[in-house]
Amino acid sequence: RGRLLTVINILLCVILIPVILINAAVIINSYMHPEEIPGVFGIKPVAVLSGSMEDTFMTGDLIFIKKTDTASLKEGDVVCYLESGQAVTHRIVKKEQNDKGGTVYVTKGDANNTEDQKSVKPGLIQGVWTGARIGGMGDFVLFLSSTTGMIVFIVCPVVLFLIWDIILRWRTDRKEKSRTEKLEAELAALKARQEADD
């Protein structure tokens, strides 16, 4: 039973520690670079909030974008950019030159009939879609990033883990104390027997 508890303890550590570290990295990144979508090692998770790209990916999916050199972008690439602080993930349909001679990108959602009204400047592009997505996981990530979600999935497990660890240590100490007391009692009884025999 003790071995099983140790295995569970180790598994909890293996699961919780990376989750906490990744979450911490994302939170720190979001404060250090508020103008960017937070991510880890250049990969940024993005929750899909609208159906403008169906059936490429669906509302509620979690997709992953990676930082890229915007000069390498081409027609057909699916990019994520910021518009009024909101993340939009649409497909590039055209590359154009603006009035100042700089490159801008015309984008469109796969499910939309018309192109997006505003062209996208390279500086607004957060990354290009890697092709990876997890169906329905976006809703969970949004909940996880909320205060309630962080309490439920980060704070509560850590607190429960600490309580469990304290109880486990207390039980181990109690067993050890009981064993020591039993050995001392046996030793005292043996000593008393020897004295009686003498």
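Biologist: What makes Glu115 and Lys94 a salt bridge?
Modeller: Keep in mind that this is a predicted model. The closest N and O atoms of Glu115 and Lys94 are 3.6 Å apart, and the cut-off is within 4 Å, so the pair counts as a salt bridge. Glu115 lies in the loop between β5 and β6 and Lys94 in strand β4, so their pairing ties together parts that are 21 residues apart in sequence. Salt bridges with shared partners also join Lys94, Glu96 and Glu115 into one network.

Biologist: Why is Glu115 called partly exposed?
Modeller: Its relative accessible area is 37%. Buried would be under 20% and exposed over 50%, so Glu115 falls in between. Lys94, at 32%, is partly exposed by that reasoning too.

Biologist: How do you know that Asp110 and Arg91 form a salt bridge?
Modeller: Their closest N and O atoms are 2.8 Å apart, and that is within 4 Å, so the label holds. Asp110 sits in the loop between β5 (103-108) and β6 (125-134), while Arg91 belongs to strand β4 (residues 86-97), so this pair ties together parts 19 residues apart in sequence. Asp110 is partly exposed at 28% relative accessibility, and Arg91 is partly exposed at 23%.

Biologist: Why does Asp77 count as buried?
Modeller: Asp77 has 13% relative accessibility. Buried means under 20%, so Asp77 qualifies. Asp77 also forms a salt bridge with Lys74, with the closest N and O atoms 3.3 Å apart.

Biologist: How many salt bridges are there by this rule?
Modeller: The count comes to seven.

Biologist: What makes α3 close to its expected span?
Modeller: Helix α3 (residues 147-197) has 51 residues and reaches 73 Å from its first C-alpha to its last, against the 75 Å expected at 1.5 Å a residue. There is a bend of about 30 degrees at Val155, and Pro157, a proline, follows within four residues.

Biologist: Which residues of α3 are buried?
Modeller: They are Gly149, Ile154, Phe161, Asp165 and Leu168.

Technical notes. Residues are numbered from 1 along each chain as its sequence is written. This is a predicted model: local features need pLDDT of at least 70, side-chain atom pairs count only at pLDDT 80 or more; totals for chains, interfaces and linings use all residues. Side-chain values use heavy atoms; hydrogens and water are left out. A salt bridge is a side-chain nitrogen of Lys or Arg within 4 Å of a carboxyl oxygen of Asp or Glu. Buried means under 20% relative accessible area, exposed over 50%, partly exposed in between (1.4 Å probe, protein chains only). Helices (H or I, at least four residues) and strands (E, at least two) are DSSP runs, numbered from the N terminus. The expected span of a helix is 1.5 Å times one less than its number of residues. The bend at a residue is the angle between axes fitted to the seven residues ending there and the seven starting there.
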